[in-house]
Amino acid sequence: MRTVKLGNCCTFFSGGTPTKGKANYWTGQIPWFSPKDIKSFELVSSQDQISESAVRDSATRLVKPGTILVVSRSGVLAHTLPVGIVRQSSTFNQDIKAIVPQDGYDPEYIALFLVANQGFVLKEGVKRGPTVHSLIANFLEELELPDIPIDQQRQIARHVSSQLAQVQVAQQATQTQIRDARLLRTKIVDAAFDKFASWQPIASVAKVQSGYAFKSGSFKRSGVRLLRNANILPGKIYWDDPVYLDSTEAERYSNYVLEEGDVLISLDRPLISTGIKVARVQETDLPSLLLQRVGRFCLRPEVIDANFLYAFLQSTRFIGKISGHDQSLGVPHISPDQVENVEIPILPLHEQRHIATRLQAQLAEVDALRCALELQQNDLDALPQRILAQVFEN
């Protein structure tokens, strides 16, 4: 198939930023795009707008509708190549490249080609910096576009855009279902704890032990894992980025040895978008030691069931009691005392176990549904790139 370099069928422009010192430059109605605005294919609005005098007196450039914008300098280039098309006359800053196709070349076709080649561009065409990355000069200009008649370009663009729109609808529907599954989980937990009259502080049935403040200078590449705040997500412990303590050194800290079944709570940033960071220690998490800013519940087993307590920690009632955390260096945190002061229903052990067993069965069904939906979401997220790859490979 015949190809043409983008630099031979498009004109590339750089942008600029009007001085912030002139307020009248930033009171107009002309969109001024920066990397934070390039989040979708259709670019219809920007966070900042500038005036005609800003365009006239600065290095920014006014481009016509149908111009392609590509982020050329940003930390986001570590994993994504943002591409979009402006739908009205617009301006842009120096961290963006504008691409204007010549006659005979369709903007949607070229923009889709760039998205299809995202992986190649990110691997071969990005100069890495400590925090900010940038496109290698003239890399995009050297990319070779399949050179086909413009009516075929437009036909491909319409067909692919239609497919991608259908994928987007499916993605949004799946995201809604995942949110509904999470809400259902919360409702099930809350329903189990909304009917009791007798409540006592958690301190009456369990104490919260905070982990040891191991010095980062003592961390090793092997040995006994240290369970940190970063290792806890809602409902699970993960070890993507483990740190270790020398095995011989670890023997000195027997009071912080974790055991299978331990109930843990993150004391720093305990609430995130997907829930509260509480988890149970599994056999695969051992051996490991409890690190500072993670709390372990030391239970009185004759009065509290671990499964019952773990379920209660995921309830709206408990989460509400620990919300509005203090700040430590800008990070929300809670203390063991705050956790221990939250009241929990006090029931005979056999009732606790009955409730916990019933809850586990109900939540297992909801969690299985959510996992299936998340796998579906992963497949849908990968589908646009597969569609684009197939089109341009053929």
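Trainee: In which hand, left-handed or right-handed, does α3 pass α6 in their crossing?

Mentor: Bear in mind that this is a predicted model. The axes of α3 and α6 come within 8 Å and cross at roughly 60°, and the two helices are therefore oblique to each other. As for the hand of that crossing, α3 passes α6 in one that is left-handed.

Trainee: How many of the ten residues of helix α3 are buried?

Mentor: Helix α3 spans residues 107–116 and is mostly covered. Among its buried residues are Pro107, Tyr109, Phe113 and also the charged Glu108. At the start of α3, a side-chain oxygen of Asp106 reaches to within 3.2 Å of the backbone nitrogen of Glu108. The number of buried residues in α3 is ten of ten.

Trainee: At roughly what angle do the axes of α6 and α11 cross?

Mentor: Two packed helices are described by the angle between their axes and the distance between the axes. For α6, residues 150–192, and α11, residues 349–393, the axes come within 9 Å. The crossing of α6 and α11 is left-handed, and their axes cross at roughly 170°. That angle is over 145°, which means that α6 counts as roughly antiparallel to α11.

Trainee: How many nonpolar residues does the contact of α6 with α11 have?

Mentor: Sorted by class, the contact of α6 with α11 has six charged residues and eight polar ones. The remaining class in that contact is nonpolar, and its number is 22.

Trainee: Is Leu373 buried or exposed?

Mentor: Leu373 lies in helix α11, and its C-alpha atom is separated by 34 Å from that of Arg87, which is 286 residues apart from it along the chain. The relative accessibility of Leu373 is 8%, and because the cut-off for burial is under 20%, Leu373 counts as buried.

Trainee: Which residue caps the N-terminal end of α8?

Mentor: Helix α8, residues 306–313, is mostly covered, with seven of its eight residues buried, including Phe308, Tyr310 and Phe312. At its N-terminal end, a side-chain oxygen lies 3.1 Å from the backbone nitrogen of Asn307. The residue that supplies this oxygen, and so caps α8, is Asp305.

Trainee: How many disulfides does a search of the whole structure find?

Mentor: A disulfide needs two cysteine sulfur atoms within 2.5 Å. For Cys10, which is buried with a relative accessible area of 4%, the nearest cysteine sulfur is that of Cys9, 3.8 Å away, and Cys10 is in no disulfide. Across the whole structure, the number of disulfides found is zero.

Trainee: What is the omega of the cis peptide bond that joins Leu286 and Pro287?

Mentor: Most residues other than glycine have a negative phi, and most peptide bonds are trans. Pro287 lies in the loop between β24 and β25. The bond that joins Leu286 and Pro287 is cis, with an omega of about -5°.

Trainee: What is the phi of Asn138, which is not a glycine?

Mentor: Asn138 is found in the loop between β12 and α5, where Asn138 is partly exposed, with a relative accessible area of 47%. Arg269, in the loop between β21 and β22, has a positive phi of about 45°. For Asn138 the phi is also positive, at about 65°.

Notes. Residues are numbered from 1 along each chain as its sequence is written. This is a predicted model: local features need pLDDT of at least 70, side-chain atom pairs count only at pLDDT 80 or more; totals for chains, interfaces and linings use all residues. Side-chain values use heavy atoms; hydrogens and water are left out. Axes are lines fitted to C-alpha atoms, for helices over the stretch in contact, and angles run from 0 to 180 degrees between N-to-C directions. Helices (H or I, at least four residues) and strands (E, at least two) are DSSP runs, numbered from the N terminus. Angles under 35 degrees count as roughly parallel, over 145 as roughly antiparallel, 65 to 115 as roughly perpendicular and the rest as oblique. A crossing is left-handed if the near helix is turned anticlockwise from the far one by less than a right angle, and right-handed if clockwise. Buried means under 20% relative accessible area, exposed over 50%, partly exposed in between (1.4 Å probe, protein chains only). A polar contact is a pair of N or O atoms within 3.5 Å; within protein, one must be able to donate a hydrogen and the other to accept it, and residues adjacent in sequence count only if both atoms are side-chain atoms.
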